[in-house]
Amino acid sequence: MLNKETCQTLLPLVNSQAPWDSLKAHLQGLKNSLQDQLMKEQSDLEMRRLQGKLQLVDHLLSLKDEVNEQQKVYLDSGN
């Protein structure tokens with residue numbers, strides 16, 4: 001859960017079409033690259049590292065929805 005200050009700081013980024021689209025495209029490219037690496041990797045340790053990186057990228061890709069949902073919660077609660 002994002003705190004109110006963080007949510008308000010991120011709102012301009014996630015709700016500005018061009019910057020968000022650029023970031024999203026970069027993250028999607030990174031995700032594709034990590035998935036390719038994961039399919040080729042033999043080491044269990046490196047596979048876990050790549051899986052962790054993929055989780056982080058997925059989290060960042062969902063940031064827009066998370067920020068907007070949390071902002072709605074803050075607005076609905078009057079905080």
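Let me start with a definition: a contact means heavy atoms within 4.5 Å.

Now some housekeeping. This is a predicted model, so local features need pLDDT of at least 70 and side-chain atom pairs count only at pLDDT 80 or more, while totals for chains, interfaces and linings use all residues. Residues are numbered from 1 along each chain as its sequence is written, and side-chain values use heavy atoms, with hydrogens and water left out.

On to the overall picture. The chain has four helices and zero strands, where helices (H or I, at least four residues) and strands (E, at least two) are DSSP runs, numbered from the N terminus. Reading along the sequence gives α-α-α-α. The radius of gyration is 16 Å, well over the 12 Å that the globule rule gives for 79 residues, so the chain is more spread out than a compact globule. For the record, that radius is taken over C-alpha atoms, and the globule rule is 2.2 Å times the number of residues to the power 0.38. If you like boxes, the C-alpha atoms fill one of roughly 50 × 25 × 15 Å along the principal axes.

Next, the surface. The chain exposes about 5600 Å², and carbon and sulfur atoms supply 53% of that area. These accessible areas come from the Shrake-Rupley method with a 1.4 Å probe, and for residues only the protein chains shown count as cover. Of the 79 residues, 24% count as buried; buried means under 20% relative accessible area, exposed means over 50%, and partly exposed is in between (1.4 Å probe, protein chains only).

How about charges? There are 9 positive and 11 negative side chains, and the centres of the two sets lie 1 Å apart. Here Lys and Arg count as positive and Asp and Glu as negative, with His and the chain ends not counted. Each charge is placed at NZ of Lys, CZ of Arg, CG of Asp or CD of Glu.

That brings me to pairing. Side chains of opposite charge can pair when their charged atoms come close. I am calling something a salt bridge when a side-chain nitrogen of Lys or Arg is within 4 Å of a carboxyl oxygen of Asp or Glu.

Let's take Lys31 and Asp58, whose closest N and O atoms are 2.8 Å apart. Lys31 lies in helix H2 (residues 17–40) and Asp58 in helix H3 (residues 44–61), so this pair ties together parts that are 27 residues apart in sequence. Is Lys31 buried or exposed? Lys31 is buried, at 18% relative accessible area, whereas Asp58 is partly exposed at 35%. Leaving aside residues up to four places away in sequence, Lys31 touches Leu54, Val57, Asp58 and Leu61.

Glu46 counts as partly exposed at 22% relative accessibility, and Arg49 is partly exposed at 48%.

Moving along to helix H4 (residues 63–77), Asp76 and Lys72 are four residues apart there, about one helical turn. Their closest N and O atoms are 2.9 Å apart, and they form a salt bridge. Asp76 is exposed, with a relative accessible area of 57%.

While we are in H4, please find Gln70, which lies in that helix. Which residues does Gln70 touch, not counting those up to four places away in sequence? Gln70 touches Met1, Leu2 and Cys7, and at 11% relative accessibility Gln70 is buried.

Two more stops before I sit down. Ser62 sits in the loop between H3 and H4 and is partly exposed at 31% relative accessibility. Ser62 and Lys24 are 38 residues apart in sequence, yet their C-alpha atoms are 9.5 Å apart in space.

Then there is Asp36, in helix H2, partly exposed at 39% relative accessibility. Asp36 and Leu11 are 25 residues apart along the chain, and their C-alpha atoms are separated by 32 Å.
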